[in-house]
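Open the model in your viewer and keep the selection panel at hand. The tour below goes from one selection to the next.

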Amino acid sequence: MPVIETQDLTIRFGDFTAVDQVSLSIERGEVFGLLGPNGSGKTTIIKALCGLVRIASGSARLLDLDVRQHAAEVRQRIGYMSQRFGLYEDLTVRENIEFYSGVYGLSAERYARRFAEVVALTTITPYLDRRAGQLSGGWKQRLALACAIIHSPEVVFLDEPTAGIDPVARRALWDLVFLLSGQGVTFLVTTHYMDEAERCGRVGYLYNSKLVALGTVDELKRLPAANPPGTARFEITCPNVMEVLAAIRLLPYVHEATIFGQSIHALADVSATAALAAAVNVTPRLIEPSLEDVFVTLTNQIRNAA
Amino acid sequence: MNLFSGTIPMMRKEFLHLRRDQGTVIFALLIPVVQLIIFGFALNMNVRQIPTIVYDQSPSQRSRELIERFRATDTFALLGHVTSDEELYREIRQGHAQVALKIPADYADRVLEGRGATVQLLVDGSDSTVSGAALNVFSSLILLENQRLSNAGKSIVEARPAVLFNPATRSPNFFVPGLVAVLVQIMVILLVALSVVRERERGTLDQLTVTPVQPLGVMVGKMIPYVALGFLEICWVLLIMRVVFAVPINGSLATLLIIAVPFLVASSGIGLLISTKAQSQAEAFQMSFGTMLPSIFLSGYIFPINNMPLQFQYVSKIIPTTYYIDVTRGVILRGASLSELWVNGAVLSLMALVTVALAARQFQRQLS
Ligand SMILES: Nc1ncnc2c1ncn2[C@@H]1O[C@H](COP(=O)(O)OP(=O)(O)O)[C@@H](O)[C@H]1O
Ligand SMILES: [Mg+2]
């Protein structure tokens with residue numbers, strides 16, 4: 001039985017369709033990544049799963065409950081952490097955790113046990129009596145997670161949990177995510193970071209409110225749509241990337257070219273390997289597509305088709 | 001589903017905010033004192049010590065007696081004498097004096113001969129309250145003087161008015177009890193509205209929507225600390241009224257405090273309604289102060305409701321302050337009891353229910 005299941009989930013705001021026939025099925029203990037440009041509908045899907053927006057058509061089930069009929073029960077069993085964290089900055093770390101424990105109606109004993117557990121898990125002990133507003137971004141994020149899981153939710157939504165957080169804190173958060181998923185907690189995470197997406201067991205890519213790709217990272221990288229027959233991906237490393245990029249984008253056998261740090265990733269005809277090498281004056285290296293390459297290719301195809 | 005889910009943690013958290021934010025509490029307790037003292041003294045409608053000059057055209061024993069009568073009142077403050085009509089008019093025109101007493105040259109002779117003397121009071125009419133008071137007191141002074149001078153000694157009809165309930169007809173006794181209601185209402189509305197809008201701005205309200213708490217529970221939990229603070233404020237303002245303005249409380253304090261509860265809840269309810277409309281703290285501030293004008297001018301606090309045009313009378317009926325002002329004046333001045341004021345309590349309770357329910361519904365709607 002999937003823990004999260006949507007079938008042709010469609011959500012409209014007036015004439016605008018924010019989520020268009022999205023079908024997802026996520027199993028217990030999965031870490032599922034939801035990716036897509038801003039405004040593609042990621043947050044709206046999470047809100048629908050929390051029973052917060054009206055579903056125009058299709059269905060959304062969580063823990064085998066229809067979210068439309070069982071919103072209150074569903075909310076008791078999920079945790080939600082947004083980019084804004086939802087902390088009370090003038091209250092201390094302890095008071096924030098205590099407040100959310102009260103919100104979820106934990107008994108005194110259960111609270112005492114869970115408090116010890118989440119504090120140990122997030123290693124926030126040294127800051128318990130500090131005001132939340134005085135914490136750094138990384139610690140705020142951990143506190144927000146502690147608050148979001150105080151009631152031992154079975155499903156946790158993380159909506160861009162690492163936006164604006166330093167790399168060490170990001171890594172620490174992901175360690176926590178995997179620790180909890182090992183204990184059977186299901187995660188649905190939205191992110192813009194490709195390295196985070198690569199950590200997810202499965203990934204869904206939303207574009208223009210539609211789910212355009214779904215699968216493990218490896219499956220997505222091998223998608224036929226992302227690897228058109230007769231083409232290959234090349235990495236071109238050279239000192240003057242900007243000029244080279246501008247130049248090769250004009251070549252007829254180069255279908256796509258984007259900068260990746262100090263190099264260029266290009267999707268080009270295999271038959272033109274030699275011509276490409278001559279054009280850029282270095283030997284292009286044949287590479288596997290990265291996840292980002294896949295999304296760029298898929299996005300371009302949809303744009304061109306439209 | 002428990003409609004009040006979230007009340008207790010919300011209330012405890014809100015008390016914590018108040019404890020952290022002592023500025024707000026001090027603000028809530030200090031501002032009324034300042035306003036009370038400013039309004040309480042400034043709104044003194046009793047006319048006292050009107051600057052008065054005298055033009056006595058031929059000073060005599062009789063005219064000096066009359067001037068003494070004037071000096072003995074609290075209404076007139078004798079500034080000095082003038083010696084010509086021009087000087088008299090100049091003093092009034094320049095605003096040095098508002099009243100001039102003009103005693104003709106033949107005053108003493110005519111009084112002695114019993115021929116009927118004329119005394120003139122010239123009053124600057126630009127302030128109607130002052131001129132009205134001056135004329136009233138003048139008439140009664142002359143009436144008394146007539147009685148004193150007439151050999152019969154007694155007039156046939158004697159007017160003896162008595163003012164019930166505020167025997168001194170002191171303005172503070174009338175205004176300060178009303179001020180309690182006006183001040184506390186604006187304070188509670190403002191604090192509640194700001195506290196909700198602040199949560200919305202910081203994203204904590206969004207966070208609450210994904211938890212099992214219910215809008216009604218959140219609202220009620222949020223209100224309780226501010227109702228408590230308002231209650232404290234009422235006690236505090238009553239204390240100042242008693243001590244600083246020496247206004248006695250004729251009725252039972254308990255009645256005043258019992259009806260305060262629905263009044264405070266209704267005010268919080270208005271604050272909650274504002275918070276559902278206001279997009280920012282600045283807007284919440286403006287809208288809260290927007291409620292201040294009707295609750296000052298249409299609640300009977302300053303102008304009697306019966307004298308208002310009908311439309312305004314309807315408006316005054318939907319303002320909680322109207323009912324609580326009636327209660328404060330009833331208890332403090334008239335010594336009215338709960339059995340006489342229960343209607344006000346009932347209306348305020350109804351208002352409390354309606355505003356809180358409307359706000360909760362509005363929130364529910366905004367969330368989905
Ligand atoms: N309550 C709402 N009313 C109207 N439009 C909305 C509402 N919420 C979201 N949208 C629109 O729906 C689209 C998807 O938003 P969202 O799910 O937040 O995107 P994402 O999280 O992927 O950035 C956006 O264009 C947004 O403007
Ligand atoms: Mg979003």
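Select chain B and chain A where they meet: seven residue pairs, both at pLDDT 80 or more, are in polar contact across this interface (N or O atoms within 3.5 Å, one able to donate a hydrogen and the other to accept it; residues adjacent in sequence count only if both atoms are side-chain atoms). This is a predicted model, in which local features need pLDDT of at least 70 and side-chain atom pairs pLDDT 80 or more, while totals for chains, interfaces and linings use all residues. Residues are numbered from 1 along each chain as written, chains are lettered from A and ligands numbered from 1 in written order, and side-chain values use heavy atoms, without hydrogens and water.

Next, pick A:Glu98 and B:Arg12, whose side chains form a salt bridge at 3.0 Å, N to O (a Lys or Arg side-chain nitrogen within 4 Å of an Asp or Glu carboxyl oxygen). The count between the two chains is two salt bridges.

Now colour helix H1 of chain B, residues 7–20; H1(B) gives seven residues, the largest share of the side touching chain A (helices are DSSP runs of H or I, at least four residues; strands are runs of E, at least two).

Move to ligand 1 and show strand E2 (16–26) and helix H1 (42–49) of chain A, each of which supplies at least two residues of its shell. Zoom in on A:Thr43: an N or O atom of its side chain lies 2.6 Å from an oxygen atom of ligand 1.
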